[in-house]
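I opened my notebook for a friendly first look at this structure. Here is what I looked up, entry by entry.

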Amino acid sequence: MAESETISVDTSMNELQDDPLQDLNDEQLYQLLEETIRANEVLAAETQMFEKYLKRVEPKDVPGINQAVTATPSLSTHEVRSVGRKRSKSRSSNIDKSLRLSAEQKCDIAQREIEELREEIEDLKDDSEKVLDMYRAIMEESEMRLAEIKKSAYEFDRDILKTAVNSRTGKVIAERVTRYFEDKLRARDTLIEKLRLKNSTLKVNKKKLHLQLKQKEEMGEVLHEVDFNQLKIENSQYLEKIDERNQDLLRLKLMAGNTLQVLNTYKKKLNTLNMESDRLRSEIASRNDLLSRIDSETHLVEEDRFKAEKINRKLRQQLTDYRVPDVMDYVGEKANLYEMQKKVKSWERKVEIAEMALKTHRKTWTQMQIASGQNQGWPVETI
């Protein structure tokens, strides 16, 4: 008993001495606690995944598990009592390490779980698609039935309620109603017969397709999972190529759009330049016409200038040939001019006197003619 007490006291002292948490402050302890919680969450997720994996797979099928379990040594009670806490901790850590999964095993389990989740997702997608198809079919059937009911109600109102009413009693004629329903039943029977024939033909086609499928399975022409995987890979490659082609097409469309914008800009510039060219052509034509008129006027002016120069030369020649007369000749000519002017004035005076005398004679002549015409009755001539 005393030995056990001394052993417990020694172990408690060793634990106090070996405890690494004594040297940590509150912040470090909080960080250590957070890291431990995160590590525990990761371990819990791994444990949950491993439990799901073990539910589907037997432990003997898991590689490395049996070896780890069989490799763990069994400890006796005497060894446990004789060794200290530090040695037991190291031994337990070695046992935990031997029981833990390796990284390859964890990756294998995670990969299998991912595949199982994908299969479950695919199954759920298939189930949901089936449910959606069923609901779509129900909706289409209900819409078709609703359309048929509306059509039947419209036809009944058109054929019976509006046209089969007795005008005297105001009630519906029973014969028309029975005839209407008989016609409807006959139409329904014909429709049922058509659908039955169509159903029989579809069944025959279904049997043919099943026979063809069996023949292909017997001949080995049916596609297997490997072929489907190969087709999926090729499909993904083709989809990548299609995406690349779509990107190229989009890039080419952008280039074509930019080119079209540039082309429109150049077309506008060409239109403006054509208009400017037409305006310049018309202006050039008008300028050429003006130039031709100016040339003709210039030709005429040249001719006038030539004539004027000729006259000018002649006048200059006359001017150079002119000789000034003597002073006495000038005085004599001037005296003659004065004499001639005096003579002209005298003659002008004589002409005035003669005109006055003529007027007097004409007046007298006119009076004589008037007087003689009044005596003899002749017409009077005026001068």
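This is a predicted model: local features need pLDDT of at least 70, side-chain atom pairs count only at pLDDT 80 or more; totals for chains, interfaces and linings use all residues.

**Entry 1: one glutamate.** Setting aside neighbours within four places in sequence, I found Glu-113 in contact with Met-49, Lys-52, Tyr-53 and Arg-56. Next I looked up where Glu-113 sits, and the place is helix α6, residues 103-161. Is Glu-113 buried or exposed? Its relative accessibility is 7%, and buried means under 20%, so Glu-113 counts as buried.

**Entry 2: the helix around it.** I then asked which residues of α6 are buried. My list reads Gln-105, Ile-109, Glu-113, Glu-155 and Ile-160. Looking for what covers these buried residues of α6, I noted that the cover includes α2 (26-56) and α7. I also checked the length of α6: its 59 residues, at 1.5 Å a residue, should span 87 Å. The end C-alpha atoms of α6 are 83 Å apart, which agrees.

**Entry 3: the largest pocket.** How much space lies in the largest pocket? I wrote down about 450 Å³. I counted 14 residues in the lining of the largest pocket, and those nearest its centre are Glu-148, Ser-152, Glu-155, Lys-184 and Arg-188. The elements that give two or more residues to this lining are α6 and α7 (174-219). Sorting the lining by kind, I got 7 nonpolar, 1 polar and 6 charged residues.

Note on methods:
Residues are numbered from 1 along each chain as its sequence is written. Side-chain values use heavy atoms; hydrogens and water are left out. Helices (H or I, at least four residues) and strands (E, at least two) are DSSP runs, numbered from the N terminus. Buried means under 20% relative accessible area, exposed over 50%, partly exposed in between (1.4 Å probe, protein chains only). Contact means heavy atoms within 4.5 Å. On a 1 Å grid over the protein atoms alone, a cavity is a set of points where a 1.4 Å probe fits but cannot get out, and a pocket is an open set with protein on both sides within 12 Å along at least five of seven lines; lining residues have an atom within 4 Å of a point. Grid points are joined across faces, edges and corners, and a volume is the space filled by probe spheres set on the points. Ala, Val, Leu, Ile, Met, Phe, Trp, Tyr, Cys and Pro count as nonpolar, Asp, Glu, Lys and Arg as charged, and the others, Gly among them, as polar. The expected span of a helix is 1.5 Å times one less than its number of residues.
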